[in-house]
Amino acid sequence: MPASVTLALGERNAVFSLNPIDNDLLDGTRRVVIQASASNYATVSASIDVLDNDSASLVLTAADAVVTEGAPSPATIGTVSRSPVTSRAMQVSLTPASPLSTPFRVTIPAGEAFATFNINASDDGFVNGTRTASLTARIVNDVGTIIDEGAATVSIQVLDNDGPTLSFSMASDVVAEGATVSATVYRNTDPAAALVVSLSSSAPGQATVRQA
Ligand SMILES: [Ca+2]
Ligand SMILES: [Ca+2]
Ligand SMILES: [Ca+2]
């Protein structure tokens with residue numbers, strides 16, 4: 001764009017052209033405001049959106065398609081690759097679905113095609129069977145915005161390491177004759193169906209159990 005433009009004698013307008021600079025940054029759509037001013041005239045402005053002509057895409061893989069809940073770290077290794085490879089580092093935002101965990105971000109170094117990172121599967125005490133969990137990688141562009149273009153997803157199966165278990169707690173481990181103490185029994189399985197738990201006392205003459 002010229003620094004100034006002259007409205008010639010006898011003309012009410014002058015035409016000039018705008019040429020956005022073609023950079024190689026992933027910088028998204030940018031709004032540019034152009035101002036026109038001359039002494040003794042009110043300044044006017046108009047805006048125009050400059051579209052980015054640069055793009056990139058990711059490929060995401062995991063070394064193992066199946067991991068076990070609570071496996072020692074790393075349960076498996078993820079690799080995120082980019083195309084094209086540039087002379088600038090690229091930040092990648094990672095979004096793991098439960099029970100997977102990963103770093104929040106990884107950096108593909110300048111001039112490198114990929115970065116690797118640890119993937120873990122958190123342990124719990126519940127019987128939850130085999131679960132399929134996704135992991136998504138998104139580009140953080142050169143102005144720091146997480147973008148969906150070029151994102152990649154991988155699915156990982158998480159095997160359960162729990163079997164059906166009951167556990168037990170008592171409000172007190174001491175109780176006076178004739179008094180009552182409450183106890184709670186827990187299950188680590190899906191509560192969708194009722195479960196009958198048999199209760200017994202090692203000394204029926206000493207203590208009896210009944211439903212609260
Ligand atoms: Ca650009
Ligand atoms: Ca477990
Ligand atoms: Ca489990």
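Predicted model: local features only at pLDDT ≥ 70, side-chain atom pairs only at ≥ 80, totals over all residues.

Visitor: OK, which residues belong to domain 1 and domain 2?

Guide: The domain assignment puts 1-54 in domain 1 and 57-159 in domain 2.

Visitor: And how many residues does each domain bring to the contact?

Guide: Domain 1 gives four residues to the contact, and domain 2 gives five residues. On the side of domain 1 that touches domain 2, two residues are nonpolar, one is polar and one is charged.

Visitor: Let's zoom out. How many helices and strands does the protein have?

Guide: It has zero helices and 13 strands.

Visitor: What about the overall dimensions, what box do the C-alpha atoms fill?

Guide: Along the principal axes, the C-alpha atoms of the protein fill a box of roughly 115 × 45 × 30 Å. The radius of gyration is 32 Å, whereas a compact globule of 212 residues would come out near 17 Å.

Visitor: What share of the residues counts as buried?

Guide: That's 12% of the 212 residues. As for contacts with a separation of 6 or more, 55% of them come from residues 24 or more positions apart.

Visitor: Now the sheets. What's the strand order in the open sheet of five strands?

Guide: The order is E4-E11-E10-E6-E8, and the pairing is mixed. E4 and strand E8 (105-108) are at the edges with a single partner strand each, so one side of each has no neighbour in the sheet. On average, neighbouring strands here are turned by 35° against each other, direction ignored.

Visitor: How do E6 and E8 run, parallel or antiparallel?

Guide: Antiparallel: strand E6 (residues 90-96) is joined to E8 by four bridges. If you want a pair to look at, find glutamine 91, whose bridge partner in E8 is threonine 107.

Visitor: Got it. Is arginine 138 buried or exposed?

Guide: Arginine 138 is buried, because 22 other C-beta atoms lie within 10 Å. You'll find arginine 138 in strand E10 (residues 131-140).

Visitor: Which residues is arginine 138 in contact with?

Guide: Leaving out neighbours within four places in sequence, arginine 138 is in contact with Val92, Ser93, Ile146, Ile147, Asp148 and Ala151. Also have a look at leucine 58: it and arginine 138 are 80 residues apart in sequence, but C-alpha to C-alpha they are 7.6 Å apart in space.

Visitor: Switching topic, where does alanine 71 lie?

Guide: Alanine 71 is in the loop between strand E4 (66-68) and strand E5 (76-83).

Visitor: And why does alanine 71 count as partly exposed?

Guide: Because alanine 71 has 17 C-beta neighbours inside 10 Å, and a residue needs 20 or more to be buried but 12 or fewer to be exposed.

Visitor: Last stop, what's the count of buried residues in strand E13?

Guide: Zero, among the five residues of strand E13 (residues 183-187), so to speak hardly covered. E13 runs antiparallel to strand E12 (residues 166-170), and five bridges join them. There, serine 167 stands opposite tyrosine 186 in E13.

Definitions and conventions:
Residues numbered from 1 in each chain as written. Chains lettered and ligands numbered in written order. Helix = DSSP H or I, 4+ residues; strand = E, 2+ residues; numbered from the N terminus. Pairing = 2+ DSSP bridges. Rg over C-alpha atoms; globule rule 2.2 N^0.38 Å. Contact = placed C-beta atoms within 7 Å. Domains from an automatic or database assignment. Nonpolar A, V, L, I, M, F, W, Y, C, P; charged D, E, K, R; others polar. Axes fitted to C-alpha atoms, helices over the stretch in contact; angles between N-to-C directions.
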